[in-house]
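Subject: Model handover

Hello,

Here is the model we discussed, followed by my notes on it.

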Amino acid sequence: MATTPVPELGRRAQAASRVLATASGAAKDTALRLAADLLEQHRSDILEANDQDLRAAEGAAATATELDRLRLTESRIAAMAEGLRHVASLPDPVGEVVEGSVRPNGLRVERVRVALGVIGIIYENRPNVTSDAAGLCLKAGNATMLRGSSSALRSNVAIVARLRQAAAKAGLPEDVVVLVEDTRREAAVEFMRLEGVIDCLIPRGGASLIATIREQATVPCVIDGDGNCHVYVDGAADLDMALSIVTNAKMQRPGVCNAAESLLVHEAVAGDFLPRAAGALAGVELVGDERARALVPAMGVADDEDFATEFLDLKMSVAVVDTLDAAIDHIARYGTGHSEAIVTTDLRAAERFCREVDAGAVVVNASTRFVDGSELGLGAEIGISTQKLHARGPMGLRALTCTKYVVHGTGQVRG
């Protein structure tokens, strides 16, 4: 069956966005709660579609990490539904008065939060993103154009069908959520160039996708980039705490962007900590610099490329550093501006790390895995921005809006 052309989908989403921008909060929340109910009621259909995607991916020799990102389970579908219900419970950002003042001439000036319009999401493998992204965009008054990977197409089609059904039942246009089913590269490039239709494009994927976006996109973008996240174990660290944090940050779910990829250890504690860490990280391939390998001889050799790589797998680079300054310099050289953590009992070291490390999120004495919209109280996030305009770090509802000035007068004219 022929797929709908990308420009036609864009026109439909744009028309729907104008309706959604002025929809009541109650209508949006009803749509989200209905979508949650429908995902759960139709979980068997969604799981069947996902099973077909998984079988095809296995036949194409997908890695274990890729399969994990693609796989849906009853618990993951329940989490998707709960995420939609949580977003429905959050305050509606649309219409919020960000600031206001009265000018000397009597003009009343307000800056008011409004929807962006049409948000395009291009992403790889993870069908849960379909629900999370569409739900957040809807709550913030935006229509969503989704373009997932070919490997998750059946799953995405099944999920989007329920989201569209929920919107219609709530009295909103079905086209507040549209899915680009044409998974050819040419269609992806066409999607990235829908000027005048897509108001903001958010890519969620690996380095190759981000590189394509930077090269091909002509619409405004917010880059959800690589997560080469570091955990720095300071000379004043509680080593038991550090061990727990490092193993969680690396192993709890290694295929996600807020998993730790690099471990830095102060020389004062490296002799005690690194052998313990190597034992606790059993199953993780460790590659390190010369001093790290002297303490853990089984460790492989790390080069510059290793230190700069987001592995998204059970692999980790390791370096021993002389000082806090050296740790900060290492992160500045190899980090991607995502999430960086320090483990220390030294308040001044923690304050310096937070002040001087340039990243979307810095974490003191906790796992990088907490850098997540739901964990930080934003609801299901749409991504984690590694750039500085217009959003940075986990992007919740407010990051999916912009503002406009509303000026009230009583007949004033400018002289």
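How many disulfides does the structure hold? The count is 0, where a disulfide is a pair of cysteine sulfur atoms within 2.5 Å. The sulfur of Cys257 lies 6.9 Å from the closest cysteine sulfur, that of Cys229, which is too far for a bond. Cys354 is in no disulfide either, its nearest cysteine sulfur being that of Cys229, 15 Å away. Cys257 is buried at 18% relative accessible area, while Cys354 is partly exposed at 35% (buried is under 20%, exposed over 50%, partly exposed in between; 1.4 Å probe, protein chains only).

This is a predicted model, in which local features need pLDDT of at least 70 and side-chain atom pairs count only at pLDDT 80 or more, while totals for chains, interfaces and linings use all residues. Residues are numbered from 1 along each chain as its sequence is written, and side-chain values use heavy atoms, without hydrogens and water.

An open sheet of 7 strands has the order β10-β9-β11-β8-β7-β12-β13, with parallel pairing. (Strands, E, at least two residues, and helices, H or I, at least four, are DSSP runs numbered from the N terminus; two strands pair if DSSP finds at least two bridges between them.) Its edge strands, β10 (300-301) and β13 (361-364), each pair on one side only. Between β9 and β10 there are 2 bridges, and Val287 stands opposite Gly300 in β10. Helix α15 (347-356) packs on the sheet and touches β7, β12 and β13 (contact: heavy atoms within 4.5 Å).

Elsewhere, β1 (97-102) and β2 (108-115) run antiparallel, joined by 5 bridges. Glu99 has Arg111 as its bridge partner in β2.

Regards

Key
Axes fitted to C-alpha atoms, helices over the stretch in contact; angles between N-to-C directions.
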